[in-house]
Amino acid sequence: ALATGENAFEGAMRESLEEANITANDIYIVGSYVEDHGQWSYTTVFAFEKQDHQLDPKANDDESLSIEWVPFEKVKELPLLSYFKNDWTHFSERLIKLSHEM
């Protein structure tokens with residue numbers, strides 16, 4: 001959810017801190033994807049952990065009960081939100097491509 005005046009990237013960084021204790025110093029943003037349904041939309045922001053940096057994500061508020069690292073190839077097996085699950089194939093292909101460009 002975006003706060004008044006926030007763009008998708010600002011909202012993603014605020015939410016990542018609030019829900020997972022991940023800061024802008026931990027990651028760098030490499031892209032995004034907008035799922036647009038006319039009356040509502042959401043933006044998935046793609047980011048990678050900064051090189052030589054060790055993330056320690058943890059539930060940081062009552063919106064996140066727990067946080068855990070999942071192997072990339074196992075994400076599709078999780079009970080994802082329906083739109084995210086539908087988009088995961090495209091997301092994973094894009095993330096793999098982006099990782100090879102680094």
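Two strands pair if DSSP finds at least two bridges between them. By that rule, S1 and S2 pair in the antiparallel sense over 9 bridges. The model is predicted, and local features need pLDDT of at least 70, side-chain atom pairs count only at pLDDT 80 or more, and totals for chains, interfaces and linings use all residues. Residues are numbered from 1 along each chain as its sequence is written, and side-chain values use heavy atoms, with hydrogens and water left out.

**Overall architecture**

- The protein has 2 helices and 2 strands; helices (H or I, at least four residues) and strands (E, at least two) are DSSP runs, numbered from the N terminus.
- Along the sequence, these elements follow the pattern α-β-β-α.
- The radius of gyration, taken over C-alpha atoms, is 14 Å, close to the 13 Å that the globule rule gives for 102 residues, so the protein is as compact as a globular protein of that length. The globule rule is 2.2 Å times the number of residues to the power 0.38.
- The C-alpha trace spans about 40 × 30 × 25 Å along its principal axes.

**Surface and contacts**

- Of the 102 residues, 24% are buried; buried means under 20% relative accessible area, exposed over 50%, and partly exposed in between (1.4 Å probe, protein chains only).
- The protein exposes about 7,500 Å², of which carbon and sulfur atoms supply 52%. Accessible areas come from the Shrake-Rupley method with a 1.4 Å probe, and for residues only the protein chains shown count as cover.
- Among contacts (heavy atoms within 4.5 Å) with a separation of 6 or more, 45% join residues 24 or more positions apart.

**The hairpin**

- Ile 27 stands opposite Glu 49 in S2.
- The hairpin of S1 and S2 has 4 residues between the strands, and Gly 38 takes a positive phi near 75° there.
- Thr 44 lies in strand S2 and is buried, with a relative accessible area of 12%.
- Not counting residues up to four places away in sequence, Thr 44 touches Gly 31, Ser 32, Tyr 33, Phe 84 and Phe 91.

**Nonpolar cores**

- A nonpolar core is a set of buried Ala, Val, Leu, Ile, Met, Phe, Trp, Tyr and Cys residues joined through side-chain atoms within 4.5 Å.
- The largest such core has 7 residues: Phe 46, Phe 48, Val 75, Trp 88, Phe 91, Leu 95 and Leu 98.
- S2 and H2 each supply at least two residues of this core, and the largest share, 4 residues, comes from H2.
- A second, separate core of 5 residues includes Met 13, Ala 20, Ile 22 and Leu 55.
- Leu 95 touches Phe 46, Phe 48, Phe 72 and Trp 88, not counting residues up to four places away in sequence.

**Aromatic residues**

- The structure holds 8 aromatic pairs. Rings of Phe, Tyr and Trp (its six-membered ring) pair if their centres lie within 6.5 Å; planes under 30 degrees apart count as stacked, over 60 as edge-to-face and the rest as tilted.
- One of these pairs, Trp 40 with Tyr 83, is edge-to-face, at 5.4 Å centre to centre and with 65° between the planes.
- This pair links distant parts of the chain, 43 residues apart: Trp 40 is in the loop between strand S1 (27-36) and strand S2 (41-49), and Tyr 83 is in helix H2 (residues 82-101).
- Trp 40 is partly exposed, with a relative accessible area of 40%, and Tyr 83 is also partly exposed, at 35%.
- Tyr 33, Phe 46, Phe 72, Phe 84, Trp 88 and Phe 91 form one aromatic cluster.
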